[in-house]
Amino acid sequence: MKLTGKAWKFGDDVNTDEIIPARYLNVSDAFELAAHCMEDIDPDFMKKISKGDIIVADKNFGCGSSREHAPLAIKTAGISCVIAKSFARIFYRNSINIGLPILECAEAASKISEGDQIEIDLSSGIIINLTKKETYKAQPFPEFMQKIISAGGLMNYVTSR
Amino acid sequence: MTITEKILAHHAGKDSVVPGELIMAKLDVVLANDITAPLGIEEFRKAGAKKVFDKDKIVLVADHFTPNKDIKSAEQVKYMRDFAREQEITHFYDVGQMGIEHALLPEQGLVLPGDTILGADSHTCTYGAVGAFSTGSGSTDFASAMITGEAWFKVPESLKFVFNGKLNKWVGGKDLILYIIGDIGVDGALYRAMEFAGSAISSLSIDGRLTMCNMAIEAGGKSGIVPPDDITLKYVKPRAKREFKIYASDTDTKYCDIREYDASKIEPQVAFPFKPENTKGISEVGNVTIDQSVIGSCTNGRMEDLRIAAGILKGKKVHPYVRLIVLPGTQTIYLQALREGLIEIFVESGGVVSTPTCGPCLGGHMGILANGERSISTTNRNFRGRMGHIDSEVYLSGPAIAAASAVLGRIASPEEI
């Protein structure tokens with residue numbers, strides 16, 4: 001699966017309250033949640049991004065609460081992939097379960113600048129920075145995890161089997 | 001093996017496991033709340049499931065936005081309630097019976113030593129305090145666990161924290177865990193099991209241990225655990241309605257790191273905005289005025305916490321510029337506090353006492369902060385905007401500091417009163 005989009009940069013320890021504030025968790029509808037995606041860290045985020053764009057962050061992305069609403073809001077907002085130096089573990093697991101591609105790659109996280117055009121091959125873990133003409137290598141997902149993501153999440157994957 | 005590895009091996013039907021190994025484990029308890037359950041129930045339906053794997057092993061607690069704070073929350077809780085009735089879930093807790101989930105489950109004897117527990121709430125790690133492996137997950141894992149009674153785990157490496165020596169006055173479980181997070185950072189235990197030991201832990205009450213394990217997630221931990229001892233058994237035996245098993249770490253087992261601390265050198269801790277790792281000893285806080293003091297939550301809403309706070313507030317008045325909000329963790333705790341005269345102390349001091357709810361901790365209701373306001377709070381997170389306006393601030397502490405601060409109008413030690 002190939003993904004392309006513009007990079008949006010974030011720092012260390014982006015928490016789930018910033019990704020989707022709890023005051024909006026009185027609904028489960030993915031589109032209502034997506035409307036507030038990243039609101040408390042960048043109020044204009046939803047106005048700025050285009051479908052397919054990529055979030056690039058430093059360490060411990062998605063720390064805090066277990067709310068699956070966080071990766072769900074990012075995915076529904078149109079973000080095609082999150083690249084970070086490291087992820088908080090519940091966020092990591094939730095992302096795979098709902099079919100949001102995420103990659104751990106310290107080199108990409110430090111070298112990519114905001115606005116760079118990025119191309120990602122999920123099956124090989126190759127990240128190409130089209131703007132800077134650089135290539136970074138992330139550990140690709142094992143095949144079964146790639147299948148979960150392309151099925152759109154764990155439940156779709158399990159049901160289809 | 002460590003206690004965590006032994007519990008996981010047993011639940012995976014294996015003689016032994018090693019860190020990094022992927023296992024499928026049987027679950028003793030599967031938990032969700034009014035925020036995480038609705039998404040999970042939707043997934044349950046989408047998968048075409050008709051019945052949960054065991055109606056006695058699922059616990060649903062309406063605690064976050066309850067008593068319903070608005071119409072949307074009411075719809076969410078109703079969705080969960082309807083599901084609980086349809087599936088005849090034994091342990092569904094609605095307003096009137098419910099408490100804050102991580103205060104309620106240990107109190108009711110629903111989580112026991114040796115258990116493996118999956119909860120759609122990040123603070124599910126709390127139950128390590130009774131010697132269980134317990135970890136947080138999202139709603140999809142919860143849905144899958146409701147169907148199968150199992151979950152896959154990567155066996156975590158274990159990190160050991162040893163507290164030697166005697167605790168200082170006003171220092172409790174909250175101060176110890178904040179001290180650790182200040183030391184290792186908010187991702188210092190990422191993916192790992194945090195095991196707490198040493199003489200200061202052996203003498204720590206169950207309430208203090210629950211507080212410590214509760215915040216393992218704030219260091220990125222997968223779980224927190226205190227190997228069971230006499231204090232554990234005294235707590236769980238009268239509550240347990242089923243068999244349980246006691247495990248201990250082997251003395252020659254390997255940890256990825258062992259960190260030792262001298263408890264006698266630790267003073268009450270305060271975590272400054274906007275990360276729980278921004279800790280300072282109370283003597284280094286300086287003049288930080290507050291608008292609100294919150295005493296409660298799954299971290300510090302238990303009897304011991306209320307007794308400490310009431311002991312400081314007795315005969316005193318809350319500062320005229322401060323709102324004190326006390327939230328007992330469960331109905332049982334509320335009643336006990338009432339019988340002991342603690343509720344009277346809180347009200348007479350000028351505080352308010354709420355029914356159990358997660359409420360203000362996550363900026364839900366019952367104490368939201370305005371632009372520029374500041375709260376001292378016994379809760380577990382001080383992220384930007386956590387308790388309300390994006391430009392409000394939360395400082396984390398134990399109940400002693402929160403109570404003294406309510407009286408003095410600034411973050412302060414009870415020694416100053």
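Two strands count as paired if DSSP finds at least two bridges between them. In this predicted model, strand 1 (residues 2-10) of chain A and strand 5 (residues 117-121) of chain A meet that condition, being joined by five bridges and running antiparallel. Within this pairing, A:G5 stands opposite A:I118 of strand 5.

Helix 5 of chain A is mostly covered, with 10 of its 10 residues buried. Among these buried residues are A:R89, A:F91, A:Y92, A:R93 and A:I98. After helix 5 of chain A comes A:G99, whose phi is positive, near 85°.

## Contact between the chains

How many residues of chain A are in contact with chain B? The contact involves 33 residues of chain A and 41 residues of chain B. On the side of chain A that touches chain B, helix 1 (16-19), helix 5 (89-98) and helix 8 (154-160) of chain A each supply at least two residues. The largest share of that side, six residues, comes from helix 5 of chain A. By class, the side of chain A that touches chain B has 11 nonpolar, 12 polar and 10 charged residues.

## Chain B as a whole

Chain B contains 14 helices and 18 strands. Its radius of gyration is 20 Å, close to the 22 Å that the globule rule gives for 417 residues, so chain B is as compact as a globular protein of that length. Taken along the principal axes, the box filled by the C-alpha atoms of chain B is roughly 55 × 55 × 40 Å. Of the 417 residues in chain B, 61% are buried. When contacts in chain B between residues at least 6 apart in sequence are considered, 77% of them join residues at least 24 apart.

## Strands of chain B

Chain B has an open sheet of four strands in the order 10-9-8-11, with parallel pairing. Strand 10 (223-225) and strand 11 (257-262) of chain B lie at the edges, each with a single partner strand, so one side of each is left without a neighbour in the sheet. From one strand to the next, the twist averages 20°. Strand 8 (residues 158-164) of chain B runs parallel to strand 11 of chain B and is joined to it by six bridges; there, B:F163 stands opposite B:Y261.

Strand 14 (residues 292-296) of chain B is largely enclosed by the rest of the structure, because five of its five residues are buried. B:Q292, B:V294 and B:G296 point one way from this strand, whereas B:S293 and B:I295 point the other way.

| Partner strand of strand 14 (chain B) | Bridges | Residues facing each other |
|---|---|---|
| Strand 15 (residues 323-327) of chain B | five bridges | B:G296 and B:L327 |
| Strand 17 (residues 374-377) of chain B | three bridges | B:S293 and B:I376 |

B:D305 lies in helix 11 (residues 303-313) of chain B. Is this residue buried or exposed? A residue is buried if 20 or more other C-beta atoms lie within 10 Å of its own; B:D305 is buried, with 31 such atoms within 10 Å. Not counting residues up to four places away in sequence, B:D305 touches B:D207, B:I295, B:N300, B:T378 and B:P399. One of these, B:I295, belongs to strand 14 of chain B. B:D305 and B:P328 are 23 residues apart in sequence, and their C-alpha atoms are 9.2 Å apart in space.

In soluble globular proteins, nonpolar side chains tend to be buried together. The largest nonpolar core in this model has 189 residues, and those with the most contacts inside it are A:I74, A:V82, A:I83, B:L60 and B:A309. Leaving aside residues up to four places away in sequence, B:L60 touches B:A32, B:A37, B:M80, B:A84, B:I89 and B:F92.

How values were computed. Residues are numbered from 1 along each chain as its sequence is written. Chains are lettered from A and ligands numbered from 1 in the order in which they are written. This is a predicted model: local features need pLDDT of at least 70, side-chain atom pairs count only at pLDDT 80 or more; totals for chains, interfaces and linings use all residues. A residue is buried if 20 or more other C-beta atoms lie within 10 Å of its own, exposed if 12 or fewer, and partly exposed in between; C-beta atoms are placed from the backbone. Axes are lines fitted to C-alpha atoms, for helices over the stretch in contact, and angles run from 0 to 180 degrees between N-to-C directions. The radius of gyration is taken over C-alpha atoms; the globule rule is 2.2 Å times the number of residues to the power 0.38. Two residues are in contact if their C-beta atoms, placed from the backbone, lie within 7 Å. A nonpolar core is a set of buried Ala, Val, Leu, Ile, Met, Phe, Trp, Tyr and Cys residues joined through C-beta atoms within 7 Å. Ala, Val, Leu, Ile, Met, Phe, Trp, Tyr, Cys and Pro count as nonpolar, Asp, Glu, Lys and Arg as charged, and the others, Gly among them, as polar.
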